[in-house]
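Try each task before turning to its solution.

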Amino acid sequence: MNFEVKTKQGKNYIVSDDSVWIWIELERDMGLTMQQAAEKMAAGSLDVLTNMLFKLSSKAGHTELKTQKAWVEHEFESFDVVDDDDPKADKPEA
């Protein structure tokens with residue numbers, strides 16, 4: 001799934017959860033299997049959602065902050081789910 005992240009600084013970018021490693025990291029950090037994490041995200045768990053988005057943003061080089069808390073408090077504004085066939089998903093910044 002692709003996510004468009006919007007920051008408090010006005011920056012927008014697309015990240016994708018297609019990497020298996022991101023799910024492994026989420027499982028290690030939160031103790032949730034991929035299915036459990038996906039269910040919690042679908043139910044609107046902000047902790048799981050922002051943890052995933054922070055990890056994806058870090059790996060893609062969109063943040064230099066070291067913790068999920070710092071990222072949420074200082075950079076994260078909102079996100080939207082973007083379809084894989086959405087033309088915006090092909091651009092690093094929308």
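**Exercise 1.** How are α2 and α3 oriented to each other: roughly parallel, roughly perpendicular or roughly antiparallel?

*Solution.* First, the ground rules. This is a predicted model, where local features need pLDDT of at least 70, side-chain atom pairs count only at pLDDT 80 or more, and totals for chains, interfaces and linings use all residues. Residues are numbered from 1 along each chain as its sequence is written, and side-chain values use heavy atoms, leaving out hydrogens and water.

Step 1. Locate the helices: α2 covers residues 34-42 and α3 covers residues 46-59.

Step 2. Take the geometry. The two helices pack at an angle of about 110 degrees, and their axes are 8 Å apart.

Step 3. Apply the cut-offs: 65 to 115 degrees counts as roughly perpendicular. α2 and α3 are therefore roughly perpendicular to each other.

Step 4. List the contact (heavy atoms within 4.5 Å). α2 supplies A37, K40 and M41, while α3 supplies V48, L49 and M52. Five of these residues are nonpolar, none is polar and one is charged.

**Exercise 2.** Describe the surroundings of K8.

*Solution.* Step 1. K8 sits in the loop between β1 (2-7) and β2 (12-16).

Step 1. The relative accessible area of K8 is 42%, so K8 is partly exposed (buried is under 20%, exposed over 50%, partly exposed in between, with a 1.4 Å probe and protein chains only).

Step 2. Find the neighbours. Not counting residues up to four places away in sequence, K8 touches V72, E73, H74, E75, F76 and E77.

Step 3. Compare sequence with space. K8 and F76 are 68 residues apart in sequence, and their C-alpha atoms are 6.0 Å apart.

Step 4. Look at the side chain. A polar atom of the K8 side chain lies 2.7 Å from the backbone oxygen of E73.

Conventions:
Axes fitted to C-alpha atoms, helices over the stretch in contact; angles between N-to-C directions. Helix = DSSP H or I, 4+ residues; strand = E, 2+ residues; numbered from the N terminus. Parallel < 35°, antiparallel > 145°, perpendicular 65-115°, else oblique. Nonpolar A, V, L, I, M, F, W, Y, C, P; charged D, E, K, R; others polar. Polar contact = N/O pair within 3.5 Å; in protein donor to acceptor, adjacent residues only side chain to side chain.
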